[in-house]
Amino acid sequence: MKRKIAVAAALAASLFGAAACGNSGSDEGATSANGTVDGKGKTIKVWLMVDAETSWKGVVEDASKRFTEATGAQVNVEYQQWANHLTKLDATLAGSDVPDVVELGNTEFSKYVFSGGFAELNKGDFENSGTWLSGLSGACESEGKTYCVPYYAGARVMIYRTDLFEKAGVTEAPKTYADFLSAADKLQTGNAADKKFSAIYMPGQYWYAAMSWVKSTGGEIAKKDGDKWVGQLSSPQSQEGLQRWVDMVKKYSKADVTKNENEQAGIFSQGSGGIFYGNAWEQGVAEEVRKDPNDPNSELVPTKVKGKLAAAPLPEVPSFLGGSNLGVTAKSANKELAAQWVKYFTDSKSMEGLIKASALPNATALLDKAATDNPTIAPAALSAKNSWFPPNAEKWADVEKGNILQTMLTDILTGKKTVADGAKWADEQIAATLNEA
């Protein structure tokens, strides 16, 4: 899945790539009574995305320092760019000269877990593992075993026009879904003269949002039955959530039903919207200065929503989390040492550093502290308490690439299919894709 990152305002989606590196020797050092591996004379190789270097390099250095003091091993951290991350990772894992620790986006981990790219970890060794964010940890689990550790997250929130809320007599962010729709009604009525106005701007192929509505009514996308995957969008619970989303889009949104959410912040910045649902960092994107979209030679000017936006959790709707996990490669010669470094880098002390850098910590037990210590990420922190993850299937990425959910949503919104027919079609396509030999 292609996602953008903006660290300054609570990160969302993150992908990762790793390049070749390696270690000599093996994890045959003595282990102390407290479980620390003797790593004197060894160096582990860690590959992190460039966001860590630009936004919380001090956290990386502190974790590595504590790791070295405890084990005697050194750490070589190299930072990777986004552009060719998966190509480089595939090439690296195909050889024998591999990194010890790799960062991957949460939606990318499943492929490598199923292909045997990462080593099994002892979940209980990692601090806060009992309350890991499900939107991150879902990618790490397979048949009761753990193959990665949640690192950091970004959550989707409701981003809204404070000036239009005030004008419509809405004095606070909605606390219930009924309040949310009531606010939309008032915005719609108060801006009826603007024929382009969307009380809720919602692109028609925004499947992360649509499936959040499905989750809100207890629905699922797919589940495993024995050794086969079965689509679940036709279930009553899933159809209820899907219908709620469709009804909301048809009533309140003027967004293109054939487009996804990639450009929603920029479009919303033009001023004809009251609410949109996006990654917390998209608030900053909507407010940033930019050129006139109709005049490429224009000067940079503030957008029409500059200083007029606020964010809050979307009530009663679970958030799809973007974020990163960390794994120890199966070919690592220093697996125990690598796991020790991950332990330091994901403990509560490191999470405090990430919170200061406006990233969400990896566990629900830390979200209240995040909201208190850094008010700028409070809406995302509260939203992340209730999160979800796509089916943890080996071929889930193929479902995304096949645009199955996107096609279903557009077909329903354009009247080509009913909700029931669209859900049935999607279930068939999802099952065929996930079960393909």
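Two residues are said to be in contact when they have heavy atoms within 4.5 Å. With that in mind, Leu233 is in contact, leaving aside its neighbours within four places in sequence, with Met211, Val214, Glu220, Ile221, Ser238, Gln239, Leu405, Met408, Ala423, Ala426, Asp427 and Ile430. The model is a predicted one, and the values below are computed from it.

**Overall form**

- The secondary structure of the protein chain comes to 18 helices and 15 strands, and its C-alpha atoms fill a box of roughly 75 × 50 × 40 Å along the principal axes.
- For 437 residues a compact globule would have a radius of gyration near 22 Å, and the protein chain, with 23 Å, agrees with that expectation.
- Buried residues make up 56% of the 437 residues in the protein chain.
- Among the contacts in the protein chain with a separation of 6 or more, 75% are accounted for by residues 24 or more positions apart.

- Leu233 has its place in the loop between β10 (228–231) and α9 (236–252).
- With a relative accessible area of 1%, Leu233 falls under the 20% limit and is therefore buried.
- Leu434 lies 201 residues away from Leu233 along the chain, and the C-alpha atoms of these two residues are separated by 15 Å.

**Nonpolar cores**

- In soluble globular proteins, nonpolar side chains tend to be buried together.
- The largest nonpolar core in this model has 55 residues, and those with the most contacts inside it are Met202, Met211, Trp213 and Trp245.
- Helix α8 (residues 207–216) gives the most to this core, with 7 residues.
- Trp245, not counting residues up to four places away in sequence, touches Met202, Pro203, Gly204, Tyr206, Ala209, Ala210, Trp213, Leu409 and Leu413.
- A second, separate core of 34 residues includes Ala52, Leu121, Trp132 and Ala363.

**A largely enclosed helix**

- Helix α12 (residues 335–345) is largely enclosed by the rest of the structure, because 8 of its 11 residues are buried.
- The buried residues of α12 are Leu337, Ala338, Ala339, Gln340, Trp341, Val342, Tyr344 and Phe345.

**The disulfide**

- The structure holds 1 disulfide, which is formed by Cys140 and Cys148, with their sulfur atoms 1.9 Å apart.
- The torsion about the S-S bond of Cys140 and Cys148 is about -105°, and the disulfide is therefore left-handed.
- Both of these cysteines, Cys140 and Cys148, are buried.

How values were computed: Residues are numbered from 1 along each chain as its sequence is written. This is a predicted model: local features need pLDDT of at least 70, side-chain atom pairs count only at pLDDT 80 or more; totals for chains, interfaces and linings use all residues. Side-chain values use heavy atoms; hydrogens and water are left out. A disulfide is a pair of cysteine sulfur atoms within 2.5 Å. Buried means under 20% relative accessible area, exposed over 50%, partly exposed in between (1.4 Å probe, protein chains only). Helices (H or I, at least four residues) and strands (E, at least two) are DSSP runs, numbered from the N terminus. A nonpolar core is a set of buried Ala, Val, Leu, Ile, Met, Phe, Trp, Tyr and Cys residues joined through side-chain atoms within 4.5 Å. The radius of gyration is taken over C-alpha atoms; the globule rule is 2.2 Å times the number of residues to the power 0.38.
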